[in-house]
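Here is a friendly briefing to read alongside the sequence and the model.

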Amino acid sequence: MSAQTEPFATMPVAPKPALRRFHQARWDEPIIFELSQPGRRGIGVPESGLPEVELPEDIRRVNRPALPELSQLHVVRHYTRLSQENLGVDLNVDVGQGTCTMKYSPKVNDIFVRDAKIAELHPAQPLDSVQGALEIYWRLEQILKEISGMSRVSLQPGAGSAAIYANIAMIRAYHAANGESHRDQVITTMFSHPSNAACAKVAGYDIITLMPDADGFPDIEALKAAIGPRTAALLITNPEDTGIYNPQIKEFVDLVHGVGGLACYDQANANGILGITRAADAGFDLCHFNLHKTFSTPHACGGPAAGACGVAEKLVPFLPGPVVDKTDNGFVLATPAHSIGKIRPYLGVTPNVVRAYAWVMALGAEGLRDVAEIAVLNNNYLMHKILRIPGASVPWADKPRVEQVRYSWQELSEQTGVHSEEIGVRAADFGVHYWTSHHPYVVAEPFTLEPTESYSKEDLDEYAAILAHVADEARRDPAFVKGAPYNQSIHKIDPTSLDDPQQWSPTWRAYQRKHGAR
Amino acid sequence: MNAHPYIPNTGPATRTAMLAAIGAASIEDFYAGIPAGLRLQRPLNLPAPIRDEQGLIRHMKGLLNQNTDTTEALSFLGAGCYPHHVPAVCDEINGRSEFLTAYAGEPYEDHGRFQALFEYVSMMGELLDMDVVNVPVYDGYQATGTALRMACRYTGRDKVLLSCQILPDKLSKLRDYLTPDIEFTTVLDDSVAAIYLETPDMYGVVARNPRLLAEAAHAHGALFVVGTDPISLGVLAPPASYGADIVCGDIQSLGMHQSFGGGQAGFIATHDEERLVAEFPSRLFGIAPTAVAGEYGFGDVYYDRTSFALREEGKEWVGTAAALWGITAGVYLALMGPEGMREVGETVLSLTRYAMTSLTDAGATVLHPNEIHFREFAIAVSDADALLTSLRAENIFGGVRLSGNEVLICVTERHTRDDIDRLASAVKGALA
């Protein structure tokens with residue numbers, strides 16, 4: 001450390017530099033076990049005042065668990081510091097996490113779910129005591145039916161992949177009910193989320209993955225070759241993770257229907273097409289939305305989230321139960337005739353159902369149309385800016401983009417040796433997220449930006465300026481970019497131990513055993 | 001129309017400037033890829049929006065106020081969703097917008113998320129006496145389904161033996177989730193992948209001599225998979241101590257509100273054996289060194305087993321699940337510490353026994369009366385619906401209705417002796 005020797009700047013204070021002089025919080029916080037002192041505690045627990053229950057030896061805990069012992073302030077301080085070493089939508093221009101539809105989660109909606117009328121509600125209460133909660137489920141279902149055009153919507157799945165799984169379970173049950181369990185293949189596309197392939201595999205299907213054709217669309221000739229009597233379903237995203245809307249989607253659906261298969265629409269990328277085009281209009285039999293993406297519920301570090309499965313009439317009997325029905329005597333629960341059963345306990349992730357409902361109610365039809373249109377405008381504006389950065393490109397550039405774009409740093413990488421991941425880590429030094437793409441990298445050196453309706457023009461200008469700056473740094477000093485980060489809570493990580501069974505440390509006790517004193 | 005408060009670029013001036021910058025005539029240009037035949041030719045038919053915040057609050061309160069919550073009635077409902085006390089600090093931390101609104105950043109700008117989740121799994125590891133714990137899955141049902149699938153992949157076998165009573169809803173989930181690869185059996189032989197024991201079981205019964213089941217499983221080359229609620233483990237033996245190979249369950253008890261079923265999250269734990277670790281679909285976070293001495297970095301342990309890395313060739317799937325509840329459960333365990341976990345366990349055990357005795361005295365038939373119960377027990381009556389209706393009239397949610405006129409009753413440290421006395425008195429009146 002050196003003393004202040006430079007003269008102070010003079011009044012007026014100079015304008016801000018082009019790029020933010022960001023530094024992430026760096027608390028250098030120990031692991032919580034290292035903060036422990038014997039005899040401290042963070043909260044009191046009521047005593048029953050009753051005789052203790054003597055537990056027999058075979059079921060009694062002998063050694064007390066080596067949990068940390070901290071007073072309450074120190075728990076609060078530790079976790080508040082950790083929270084500061086984290087970036088949420090509320091802190092950054094969160095357009096770099098493409099496919100994830102990072103958008104503003106209105107604060108007022110958090111008030112509703114913290115209300116005891118939701119937070120302290122038990123899901124097995126008498127129906128007359130939960131009519132408000134059931135009405136919200138029912139109302140959100142009506143809204144999602146209108147947005148998708150489907151006949152019914154289940155809000156039970158806990159997230160997007162759980163909704164994909166619920167859909168494939170319904171597909172399996174539908175074919176079984178029709179005596180067609182010999183259908184053992186599911187077709188998906190490389191630019192659909194990996195869970196489409198993975199969930200269908202869990203449900204017992206062989207997976208056929210369609211690769212993009214020369215125009216970036218899933219190859220319809222490959223689809224024609226793949227379909228047949230073994231086809232159970234097509235699981236497809238549209239627009240795909242490239243941001244390109246497949247204009248032949250109806251033909252895809254018709255081809256699959258032609259061989260007796262079902263068509264299932266992963267609407268994770270629905271944000272740009274709300275009120276523009278609907279799953280039912282393209283003939284889909286099933287679809288799902290992610291309420292934590294399109295419908296604004298917070299991503300919560302990776303959940304709790306919520307998924308919504310929409311189905312056409314012929315699949316209604318197979319929905320997970322229960323569903324909420326409106327009757328003359330109020331809202332009731334019913335189990336569909338051939339229900340696949342439970343996907344999760346009780347009705348669903350109620351707080352997110354409440355938030356999503358409140359979000360739609362603040363927007364209405366016109367507002368949702370604005371959401372879609374502004375998301376698409378933002379996306380095309382940002383693409384226009386990114387393509388001005390030397391070394392950045394967009395595969396299949398002549399195809400219009402809807403709500404996100406998968407870009408490539410291939411040229412920059414070939415010229416500088418700097419990879420997309422490394423550009424992302426350096427970009428974070430300026431206070432933003434950045435993500436490459438799902439594996440495998442069909443687009444070389446990929447990055448995927450999805451600027452939803454939440455971001456302003458100035459936000460997008462800032463994000464593009466950061467990437468332009470980092471790309472320039474990569475040309476001038478590639479080693480510097482590869483050494484990033486510099487402005488984060490920690491420095492560059494050596495990940496090699498994470499894949500070595502002799503060294504990996506998935507808990508503190510494993511770490512101590514392998515590397516320390518325990 | 002004014003700009004919507006959630007959508008900054010709705011203002012016409014901004015729109016025009018952005019379109020001009022792109023060189024597009026209108027936003028319609030960007031939808032050129034969507035065929036006309038697929039375009040919705042009318043506005044969505046949705047309720048009129050409420051664009052002012054106070055109006056939205058009024059509307060939502062109108063709906064919420066139709067609910068009677070468990071702070072307004074005396075509730076003995078459990079069955080997978082439990083009314084344990086939620087420390088204020090848990091809500092404070094999981095309400096921090098840095099956590100609430102974050103998602104999947106790298107271990108640099110989201111260092112805090114990685115550390116908080118690493119600490120969660122580490123504290124769970126201490127409670128469970130196991131070295132590997134996953135970042136949470138959706139719920140305990142999912143955790144159980146995956147634990148059983150892990151056992152089948154590990155052993156190369158396809159049969160599971162259930163040695164306990166399971167809630168019908170959970171069994172429904174397992175039946176679906178294990179189809180078509182796995183079947184249930186009642187015969188223990190060398191084709192069995194796992195014996196599954198839940199303790200406490202759906203009736204709150206703590207299984208006696210569980211080691212015998214572990215030995216039986218291991219004698220046949222099967223794994224012993226145990227479902228439990230971690231809130232019991234301050235007093236009950238951790239399943240690893242009597243031979244469990246995989247332990248699973250729900251963590252809603254550890255600092256999550258009931259939230260009409262929205263507080264569920266699942267855990268799976270194993271010993272640090274490479275072949276078993278390889279069968280986790282979930283993310284596992286581990287410590288890694290950084291370029292600076294004394295700094296903890298974090299990252300994904302053994303990532304190349306996941307569907308993120310391998311699509312359908314990965315283990316089941318991984319995706320957004322319930323990470324914030326993991327962070328919250330970590331906060332809970334840090335607050336409670338070893339003493340708090342012991343005390344909550346003792347209080348629940350004592351209150352449970354007191355409630356069983358009180359209801360017996362009130363004339364109810366308590367099921368499994370000679371077993372040790374943790375938190376739950378059932379009573380059998382001649383007309384369960386009539387009993388619950390009668391209790392409801394006294395503003396008591398008396399329990400969860402099971403089949404066969406059984407009522408499942410749950411007591412936690414939130415209940416007092418007076419609460420239980422009130423229940424017993426009401427039950428006595430109803431049965432009289």
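Chain B and chain A bury about 17,200 Å² between them, and carbon and sulfur atoms give 63% of that area. Please keep in mind that this is a predicted model. The size of an interface is often given as the accessible area lost when the parts come together.

**Where chain B meets chain A**

- The contact draws on 187 residues of chain B and 209 residues of chain A.
- On the chain B side, Y108(B), F260(B) and R311(B) supply 6% of the area buried against chain A, more than any other three residues.
- Between chain B and chain A the count is 18 salt bridges.
- One to look up is the salt bridge of E126(B) with R509(A), in which the closest N and O atoms are 3.1 Å apart.

**Domains of chain B**

- Chain B is divided into domain 1 (1-42), domain 2 (74-86 + 342-431) and domain 3 (89-329).
- Domain 2 and domain 3 of chain B have C-alpha centres 29 Å apart, and 26 residues of domain 2 are in contact with 23 residues of domain 3.
- These two domains of chain B bury about 2,000 Å² between them, with 64% of it on carbon and sulfur atoms.
- In domain 2 of chain B, the residues that lose the most area to domain 3 are C81(B), V86(B) and F374(B), which together make up 30% of what that side buries.
- The count between domain 2 and domain 3 of chain B is one salt bridge.
- R375(B) and D229(B) meet through their side chains in a salt bridge, at 2.9 Å from N to O.

**The largest cavity**

- The model has six cavities of 30 Å³ or more, and the largest cavity holds about 330 Å³ of space.
- Its lining has 23 residues, and G80(B), Y82(B), K170(B), E198(B) and R375(B) are the closest to its centre.
- Two elements of chain B, α6 (140-155) and β7 (246-250), are the ones that give two or more residues to this lining.
- Why does the largest cavity lie between domain 2 and domain 3 of chain B? Both domains give residues to its lining, so the cavity lies between them.
- By class, the lining of the largest cavity has nine nonpolar, seven polar and seven charged residues.

**Domains of chain A**

- Chain A is divided into domain 1 (110-362) and domain 2 (365-490), with C-alpha centres 29 Å apart.
- Their contact takes 28 residues from domain 1 of chain A and 22 residues from domain 2 of chain A.
- The area buried between these domains of chain A is about 2,000 Å², and carbon and sulfur atoms give 66% of it.
- The count between domain 1 and domain 2 of chain A is one salt bridge.
- K399(A) and D215(A) form a salt bridge through their side chains, at 3.7 Å from N to O.

**The second largest pocket**

- This pocket has a volume of about 960 Å³.
- Its lining has 40 residues, with A124(A), Y346(A), D169(B), V400(B) and R401(B) nearest its centre.
- The elements giving two or more residues to the lining are β9 (330-334) of chain A together with α7 (168-178), α12 (384-393), β13 (396-397) and β14 (400-401) of chain B.
- Which element gives the largest share of the lining of the second largest pocket? That is α12(B), with four residues.
- The lining of the second largest pocket has 24 nonpolar, nine polar and seven charged residues.

Key
Residues are numbered from 1 along each chain as its sequence is written. Chains are lettered from A and ligands numbered from 1 in the order in which they are written. This is a predicted model: local features need pLDDT of at least 70, side-chain atom pairs count only at pLDDT 80 or more; totals for chains, interfaces and linings use all residues. Side-chain values use heavy atoms; hydrogens and water are left out. On a 1 Å grid over the protein atoms alone, a cavity is a set of points where a 1.4 Å probe fits but cannot get out, and a pocket is an open set with protein on both sides within 12 Å along at least five of seven lines; lining residues have an atom within 4 Å of a point. Grid points are joined across faces, edges and corners, and a volume is the space filled by probe spheres set on the points. Ala, Val, Leu, Ile, Met, Phe, Trp, Tyr, Cys and Pro count as nonpolar, Asp, Glu, Lys and Arg as charged, and the others, Gly among them, as polar. Domain bounds come from an automatic or database domain assignment. Contact means heavy atoms within 4.5 Å. Buried area is the accessible area (1.4 Å probe) that two parts lose on being put together, summed over both. A salt bridge is a side-chain nitrogen of Lys or Arg within 4 Å of a carboxyl oxygen of Asp or Glu.
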